[in-house]
Amino acid sequence: MMRGQTITPLLIAIIACLLAATAHTQTYTAIDLGTLRPGSARVHGVNDAGQAVGASGHPHGAETHAFFWERRGGIRDLGTLPGGDYSAAFAINDSGVVVGASNTSTSMHAFSWTLSQGLHDLGTLPGTDASSAFSINNQGQIAGASGAHAALWINGNPQDLGTLGGQTSEAHAVNASGVVVGVSDTSSGPHAFLWSAGAMQDLGTLPGDTSSRADHINDNGLVVGASLGSGGVRAFVWTSSAGMQPLDSNSSGIYSEAFAVNNAGQVVGEEASALGTRAFLWTSEKGLIDLNESVTNLPGDVVLTGAFSINDKGQIVAFGLKNPQVSRHEELTPDSHVHAGPTRVFLLTPQ
């Protein structure tokens, strides 16, 4: 056998091992996005420029304001619509257009925001008095809810997406093709839906479950969310070819939910385990990965409990809890709970 014939397979094997090791050891650096004032924050979206949006203030009350963050300018208060004292930003597209919801003197209204024009009230469907916006694509289409129905704003005008036969529905995400996903009442309980070209499709549930919700869809039509039943809540992925599948069949937890998926098929969310609720990254090659074990500069007293958005560069925005009494590496008993202490929000960037 010639020398070249023995070296080539060996080199291929070495390269394969190195690539596998690199994939296994993907690490991230974290930037603390800060807060608008002393208190807590929650982060909901990140675009491909690494700009992030969320809400800062009291967890669920007055004086919480939507924020916009970018590396060169830090955190910016988006304020509220006239007459309001609460707002939250839920998504941002690659042009920097932010959408969310703010109360007014009378009710909650969906808004859009740009750096040049500030907050703009998106209004409501005819006959309704409240609305919220949860997603925006790069074409400027906005998905959310108005009154009791899912809505899609196109060129500033809301369209009623209807329901799966029940009384209520809510749109959670819209992709580049204008395909919308969310949750709607049915005769057998709330179900995840996919809406396209005027028709709403019931995505069903995982086997044995009674309800489901879709949280996000990428530009390839991959849908993620959660399915609920007597055994707990399980994250799922859905495709038109394979239907709904559990995100990780090896998971032993009683709760997991997938909040976002990028166009590479990387999924982020949160899962309950013996260590408490943990932020995760999922890939088809590696399954569920605890992000707490992948961030190289996370303070030792911070636990990442949920990851809510991931862009196409692999950057992730995550929610953390600061608790000096708990290490994220120690096993917790039922009496040792990490959900105590100030909340922090982070941008995680692959190294």
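I began at strand β28, where Y28 stands opposite P350. I recorded that the model is predicted, that local features need pLDDT of at least 70 and side-chain atom pairs pLDDT 80 or more, and that totals for chains, interfaces and linings use all residues. I also recorded that residues are numbered from 1 along each chain as its sequence is written, and that side-chain values use heavy atoms, with hydrogens and water left out.

**Entry 1: pairing around β28**

I looked up the strands that pair with β28; two strands pair if DSSP finds at least two bridges between them. Strand β1 (residues 28-32) runs antiparallel to β28 (residues 343-350), and five bridges join them. Strand β27 (residues 316-322) also pairs with β28 in the antiparallel sense, over six bridges. Within that pairing, I found L347 of β28 as the bridge partner of V317.

**Entry 2: an open sheet**

I then traced an open sheet of four strands, in the order β22-β23-β24-β25, with antiparallel pairing. Its edge strands, β22 (256-261) and β25 (287-290), each pair on one side only. I noted an average twist of 35° from one strand to the next; axes are lines fitted to C-alpha atoms, and angles run from 0 to 180 degrees between N-to-C directions. Between β23 (residues 267-273) and β24 (residues 276-283) I found seven antiparallel bridges. E270 has A279 in β24 as its bridge partner.

**Entry 3: the chain as a whole**

I found one helix and 28 strands in the chain; helices (H or I, at least four residues) and strands (E, at least two) are DSSP runs, numbered from the N terminus. Of the 351 residues, 51% are buried, where buried means under 20% relative accessible area with a 1.4 Å probe, protein chains only. Among contacts (heavy atoms within 4.5 Å) between residues at least 6 apart in sequence, 43% join residues at least 24 apart.

**Entry 4: residue Q51**

I located Q51 in the loop between β2 (40-46) and β3 (52-57).

The side chain of Q51 makes one with the side chain of N47, at 2.8 Å. Another, of 3.1 Å, joins the side chains of Q51 and E70. Leaving aside residues up to four places away in sequence, I listed residues that Q51 touches, among them F68, W69 and I92.

Key: Buried < 20%, exposed > 50% of the residue type's maximum accessible area, 1.4 Å probe, protein only. Polar contact = N/O pair within 3.5 Å; in protein donor to acceptor, adjacent residues only side chain to side chain.
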